[in-house]
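Biologist: Please show me the model, and then I will ask about it piece by piece.

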Amino acid sequence: MKPPCGISARRAAAAVGFPIGEAGALVEHRGKWVYVDGVRVAHMKPRSRFGEVLTPGPVGRVPEGCYYVGTAHPDGFDSRYGEIGFACAKQIIGTGTPIL
């Protein structure tokens with residue numbers, strides 16, 4: 001299966017997250033930190049742990065029908081980066097269920 005958005009398979013495999021901000025939430029960048037509704041939720045890195053260049057994600061209000069998704073992992077590949085951006089309803093194809 002080809003990864004979305006032309007990203008590498010390694011990065012696509014790390015793109016697993018959970019909703020942190022829903023429609024209307026305010027996303028801000030303060031230096032390398034990302035805040036959602038005034039709460040610090042992530043740190044942006046200039047490169048992935050594999051050396052790939054990462055671009056900062058979107059800022060402003062989360063659009064209707066979309067979410068800011070994040071992970072707790074410091075190397076998470078989520079909405080903090082432009083390659084993922086906001087996850088909108090048309091892009092969500094299912095949910096995961098933990099098995100362990």
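The questions below go from confidence to sheets and then to single residues.

Modeller: This is a predicted model, in which local features need pLDDT of at least 70 and side-chain atom pairs count only at pLDDT 80 or more, while totals for chains, interfaces and linings use all residues. Residues are numbered from 1 along each chain as its sequence is written, and side-chain values use heavy atoms, with hydrogens and water left out.

Biologist: In which element is confidence lowest?
Modeller: pLDDT is the predictor's confidence in each residue, from 0 to 100. The chain averages 82, and 83% of the residues score at least 70. Over residues 1-15 pLDDT stays under 50, and where pLDDT is low, the predicted coordinates should not be read in detail. Strand E5 (residues 60-61) has the highest mean, 98, and the lowest mean, 42, belongs to helix H1 (residues 9-13).

Biologist: What is the strand order of the open sheet of three strands?
Modeller: Helices (H or I, at least four residues) and strands (E, at least two) are DSSP runs, numbered from the N terminus, and two strands pair if DSSP finds at least two bridges between them. E1 and strand E6 (residues 66-70) pair in the antiparallel sense over three bridges, with Gly 21 opposite Tyr 68 in E6. The pairing in this sheet is antiparallel, and the order is E1-E6-E7.

Biologist: Which strands stand at the edges of the open sheet of four strands, and why is one side of each left without a neighbour?
Modeller: This sheet has the order E4-E3-E2-E5, with antiparallel pairing. Inside that order, strand E2 (residues 26-30) and strand E3 (residues 33-36) pair over four bridges, and His 29 stands opposite Val 34 in E3.

Biologist: Why is the pair of Phe 77 and Tyr 81 called stacked?
Modeller: Rings of Phe, Tyr and Trp (its six-membered ring) pair if their centres lie within 6.5 Å; planes under 30 degrees apart count as stacked, over 60 as edge-to-face and the rest as tilted. A search of the whole structure finds one aromatic pair. The ring centres of Phe 77 and Tyr 81 are 6.1 Å apart, and the pair is stacked because the planes are at 25°.

Biologist: Is Phe 77 buried or exposed?
Modeller: Buried means under 20% relative accessible area, exposed over 50%, and partly exposed in between (1.4 Å probe, protein chains only). Tyr 81, at 2%, is buried. Phe 77 has 4% relative accessibility, so Phe 77 is buried.

Biologist: Over the ring of which residue does the charged end of Arg 40 sit?
Modeller: A charge sits over a ring if NZ of Lys or CZ of Arg is within 6 Å of the ring centre and within 35 degrees of the ring normal. One such case is Arg 30, which lies over the face of Tyr 35 at 3.9 Å from the ring centre. The charged end of Arg 40 is 3.9 Å from the centre of the ring of Trp 33.

Biologist: With which side chain does the side chain of Arg 80 make a polar contact?
Modeller: A polar contact is a pair of N or O atoms within 3.5 Å; within protein, one must be able to donate a hydrogen and the other to accept it, and residues adjacent in sequence count only if both atoms are side-chain atoms. Arg 80 is in the loop between E6 and E7 and is buried at 2% relative accessibility. The backbone oxygen of His 73 lies 3.3 Å from a polar atom of the Arg 80 side chain. The side-chain partner, at 3.4 Å, is Thr 71.

Biologist: How far apart are the C-alpha atoms of Pro 74 and Lys 45?
Modeller: Pro 74 lies in the loop between E6 and E7 and is exposed, with a relative accessible area of 52%. Beyond its neighbours within four places in sequence, Pro 74 is in contact (heavy atoms within 4.5 Å) with Lys 45 and Arg 80. Pro 74 and Lys 45 are 29 residues apart along the chain, and their C-alpha atoms are separated by 9.1 Å.
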